[in-house]
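Me: Hey, can you walk me through this one? I'd like to go piece by piece.

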Amino acid sequence: EAQLREWIKEYGDLEVCAEVYLRLSQWMMREDEPAKRLALLREGISRYPKYSRINALKPCIHGCRDYP
């Protein structure tokens with residue numbers, strides 16, 4: 001987790017960092033942190049809306065228990 005967060009800080013200006021958001025959200029799912037995971041997914045989607053694989057993040061939102 002720490003390495004993924006470091007990569008977001010270091011490479012956040014690159015659209016491909018959306019993949020890091022995806023991996024981190026998958027890790028958070030195993031750790032059962034739905035509120036934090038939802039915030040992370042929303043952040044990733046808002047930062048990289050035009051990334052070619054951004055749709056990989058969108059369905060993950062529906063897996064969060066706190067999803068409105």
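**Chatting through the fold**

Reply: Let's start with Leu-4, which lies in helix 1. Helices here are DSSP runs of H or I with at least four residues, strands are E runs of at least two, and both are numbered from the N terminus. Before we go on: this is a predicted model, where local features need pLDDT of at least 70, side-chain atom pairs count only at pLDDT 80 or more, and totals for chains, interfaces and linings use all residues. Residues are numbered from 1 along each chain as its sequence is written, and side-chain values use heavy atoms, with hydrogens and water left out.

Me: Ok, is Leu-4 buried or exposed?

Reply: Leu-4 counts as buried, at 15% relative accessibility. Buried means under 20% relative accessible area, exposed means over 50%, and partly exposed is in between, using a 1.4 Å probe and protein chains only.

Me: And what is Leu-4 in contact with, leaving aside neighbours within four places in sequence?

Reply: Val-20, Arg-23 and Leu-24. Contact means heavy atoms within 4.5 Å. Leu-4 and Arg-23 are 19 residues apart in sequence, yet their C-alpha atoms are 7.8 Å apart in space.

Me: Switching to the core. Which residues touch the most other members of the largest nonpolar core?

Reply: Ile-8, Tyr-21, Tyr-48, Ile-54 and Leu-57, out of 20 residues in that core. At least two core residues each come from helix 1 (2-11), helix 2 (18-30), helix 3 (34-47) and helix 4 (58-61). Helix 2 gives the largest share, 6 residues. A nonpolar core is a set of buried Ala, Val, Leu, Ile, Met, Phe, Trp, Tyr and Cys residues joined through side-chain atoms within 4.5 Å.

Me: How many aromatic pairs turn up in the whole structure?

Reply: The search finds 1. It's Tyr-21 with Tyr-48, edge-to-face, at 5.8 Å centre to centre with 65 degrees between the planes. Tyr-21 sits in helix 2 and Tyr-48 in the loop between helix 3 and helix 4, so the pair links distant parts of the chain, 27 residues apart. For the cut-offs, rings of Phe, Tyr and Trp (its six-membered ring) pair if their centres lie within 6.5 Å; planes under 30 degrees apart are stacked, over 60 edge-to-face, and the rest tilted.

Me: Are those two tyrosines, Tyr-21 and Tyr-48, buried or exposed?

Reply: Both Tyr-21 and Tyr-48 are buried.

Me: Ok, what about Leu-40? Where is Leu-40?

Reply: Leu-40 is in helix 3, and it's buried, with a relative accessible area of 8%. Beyond four places in sequence, Leu-40 is in contact with Ile-8, Tyr-21, Leu-24, Ser-25 and Met-28. From Leu-40 to Met-28 is 12 residues in sequence and 9.5 Å in space, C-alpha to C-alpha.

Me: Ser-25 is on that list. Which residues does Ser-25 touch, not counting those up to four places away in sequence?

Reply: Arg-37, Leu-40, Leu-41 and Cys-60. Ser-25 is found in helix 2 and is buried, with a relative accessible area of 0%.

Me: New topic: how many salt bridges does the structure hold?

Reply: There are 3. A salt bridge is a side-chain nitrogen of Lys or Arg within 4 Å of a carboxyl oxygen of Asp or Glu. One joins Glu-19 and Arg-53, with the closest N and O atoms 2.7 Å apart. Glu-19 lies in helix 2 and Arg-53 in the loop between helix 3 and helix 4, so this pair ties together parts 34 residues apart in sequence.

Me: Are Glu-19 and Arg-53 buried or partly exposed?

Reply: Glu-19 is buried, with a relative accessible area of 17%, while Arg-53 is partly exposed, with 40%.

Me: Which other residues form salt bridges?

Reply: Glu-1 pairs with Arg-5, with the closest N and O atoms 3.0 Å apart. Glu-43 and Arg-47 also meet in a salt bridge (4.0 Å, N to O). Those two are 4 residues apart in helix 3, so about one helical turn separates Glu-43 and Arg-47.
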